[in-house]
Amino acid sequence: MSSDWMIRCTNVGKAYQIYAVYDHRLMQMLFGRFKKFYQDFWVLRNISFEVKRGECVGVMGRNGAGKTTLLQLICGITEPTHGEILTRGRIAPVLALGSAFDLDLTGRENVLVGGAVLGLKRARILKLMNSIQEFSGIGEFFDRPVKFYSSGMAARLAFAICAHVDADILIIDEALAVGDEAFQEKCLKFIDDFRARGTVFFVSHSAKQIESLCSRVIWIENGAVREIGDPEEITRKYQKALVQEKDDSARFHIGN
Amino acid sequence: MSVSIKTKARVKVAAHRRGSEKGLVHFLIVPFYNALQYRELIRVVLGRELYQRFRASYFGWIWAVLTPLLMLFIFTAVSSSILKIGGDTEVNFALSMFIGLLYFNLFAELMTRAPLLLTEHVNFIKKSIFPSEILAWTSMLRSLTYAGIGFVVYLAFQLYIAGTIPLAALLLPFILIPLFLLLLGLVWFFSALGAFTRDIAFMMAAVMPAFMFVTPVFYTVIGQPLEVKLMAYINPLSPYVEMTREILLIGRLPDLMTFLIAWCVAVVVFYAGYSFFMRFRSVAVDVI
């Protein structure tokens with residue numbers, strides 16, 4: 001193991017607690033030391049990998065495989081049940097774009113809120129405002145309430161904010177799916193440029209995007225790493241597996 | 001189970017997750033240091049909330065001034081004509097009632113909102129790296145803004161009616177600081193608890209109206225029988241109402257014992273609330 005890592009996961013596992021009755025949550029909180037009121041649902045198990053500076057790592061996997069949870073763990077939004085996650089530098093999460101927007105505020109006002117949430121100083125945001133407006137490419141809608149935006153416009157604005165945070169690690173969760181091709185192109189170019197100064201962690205279902213951007217791919221299946229390796233090889237295997245395994249609901253199984 | 005999440009921007013956050021290992025001074029400073037560190041964010045979230053309150057109204061902030069003013073006029077009118085309290089006391093009664101109500105409203109607004117605080121900001125918390133402990137500060141500052149307007153209206157009214165505000169009013173901050181600590185502690189406690197079950201929110205809504213009568217809003221504790229005193233003093237809010245009345249209406253320093261007990265309770269609640277919140281914060285994220 002080398003020392004120039006930006007993200008290092010060692011034997012990380014995450015179990016969510018599944019409660020039969022809603023109020024058992026409170027019971028667990030109060031009397032948890034005496035009795036266990038829940039069932040464990042392991043979303044991730046024994047995940048170990050390292051990401052180096054300048055790498056762009058793609059994550060592939062089927063719905064419910066644990067991709068988003070992995071990203072949340074790396075961001076520190078939720079804590080792992082066991083194992084250790086270390087990260088270096090500032091993280092900018094582009095998760096579920098635009099869902100944190102206040103619908104009644106204008107785009108400009110949301111940039112102020114969103115920027116502050118991402119850790120930017122007010123003066124810095126104001127300085128970057130024009131550049132953010134230009135990157136988003138939503139024209140006059142920038143000064144209109146976000147409730148009048150289309151989902152694509154909201155995504156544009158959200159990505160524009162994240163693109164202006166001086167991050168060391170950019171974490172992107174299926175963010176580009178909503179934008180049109182022109183905007184996707186712009187984002188992909190941004191990500192490509194970003195690799196020169198930082199690390200990208202990128203979830204996508206698009207084999208094309210993964211192949212064109214990523215230097216390495218992590219394939220997650222049922223909460224465990226199935227394979228890590230060369231993008232072209234992994235996407236090929238992944239798609240082959242999809243055809244073979246079909247889409248059955250037995251995958252979403254709670255319990256052991 | 002060793003968890004350590006370290007980033008440049010978050011080192012402090014990660015550090016006080018293991019706060020108890022770092023000694024007493026660290027434990028005492030952390031809640032304030034934390035708020036200072038996120039002051040930009042607190043300001044933005046607060047600004048957004050204040051803006052939201054009057055967004056769709058024509059008169060905006062005028063309402064915030066008009067509401068307490070109207071209440072003061074009605075109190076004075078009611079206490080002079082219906083309650084038939086004559087002379088100087090009628091004004092005092094209205095002012096005294098207003099102080100009680102000011103504190104109660106502040107308390108009630110914070111407590112009814114606290115259990116829903118995390119759910120309200122779920123998008124920030126789950127979709128972004130958001131220090132959820134600052135929500136108690138923003139929520140408190142928001143309520144304080146309105147209470148503050150009410151308080152200024154009150155002072156103006158007293159100055160107009162009675163012609164003077166006692167010099168002792170300068171000592172008010174010594175009472176308000178423990179009050180704020182107490183409220184923050186309670187908000188932290190109930191917001192963490194409220195994330196686990198909605199019952200806390202329902203309970204608050206049910207209990208608050210009754211709580212109004214346990215708080216000396218329409219009466220004063222001094223000179224009441226022991227049972228009333230006991231009932232009122234179980235309520236953490238009562239000493240503050242009483243002390244403020246003593247300072248503002250009578251111009252007298254409050255009872256030292258009451259003052260010290262209030263401080264102690266406030267400090268304990270503050271740190272207990274903060275520790276409780278920080279302890280259950282990461283679990284709460286997974287259930288909201």
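Student: In this predicted model, what percentage of the residues in chain B is buried?

Tutor: A residue counts as buried if 20 or more other C-beta atoms lie within 10 Å of its own. Chain B has 288 residues. The buried share of chain B is 39%.

Student: How many helices does chain B have?

Tutor: Chain B has zero strands. From the N terminus on, its elements read α-α-α-α-α-α-α-α-α-α-α-α-α. The helix count in chain B is 13.

Student: Is the crossing of α4(A) and α5(A) left-handed or right-handed?

Tutor: On the α4(A) side, the contact involves A:I132, A:F135 and A:S136. These meet A:R156, A:L157, A:A160, A:I161 and A:A163 in α5(A). The contact residues comprise six nonpolar, one polar and one charged. The crossing of the two helices is right-handed.

Student: Which residue in β9(A) stands opposite A:W219?

Tutor: Strand β8(A) spans residues 216-221, and β9(A) spans residues 224-229. The two strands pair in the antiparallel sense over five bridges. Opposite A:W219 stands A:E227.

Student: Which residue in the hairpin of β8(A) and β9(A) takes a positive phi?

Tutor: Two residues lie between the strands of this hairpin. The positive phi is near 50°. The residue that takes it is A:N222.

Note on methods: Residues are numbered from 1 along each chain as its sequence is written. Chains are lettered from A and ligands numbered from 1 in the order in which they are written. This is a predicted model: local features need pLDDT of at least 70, side-chain atom pairs count only at pLDDT 80 or more; totals for chains, interfaces and linings use all residues. Helices (H or I, at least four residues) and strands (E, at least two) are DSSP runs, numbered from the N terminus. A residue is buried if 20 or more other C-beta atoms lie within 10 Å of its own, exposed if 12 or fewer, and partly exposed in between; C-beta atoms are placed from the backbone. A crossing is left-handed if the near helix is turned anticlockwise from the far one by less than a right angle, and right-handed if clockwise. Two residues are in contact if their C-beta atoms, placed from the backbone, lie within 7 Å. Ala, Val, Leu, Ile, Met, Phe, Trp, Tyr, Cys and Pro count as nonpolar, Asp, Glu, Lys and Arg as charged, and the others, Gly among them, as polar. Two strands pair if DSSP finds at least two bridges between them.
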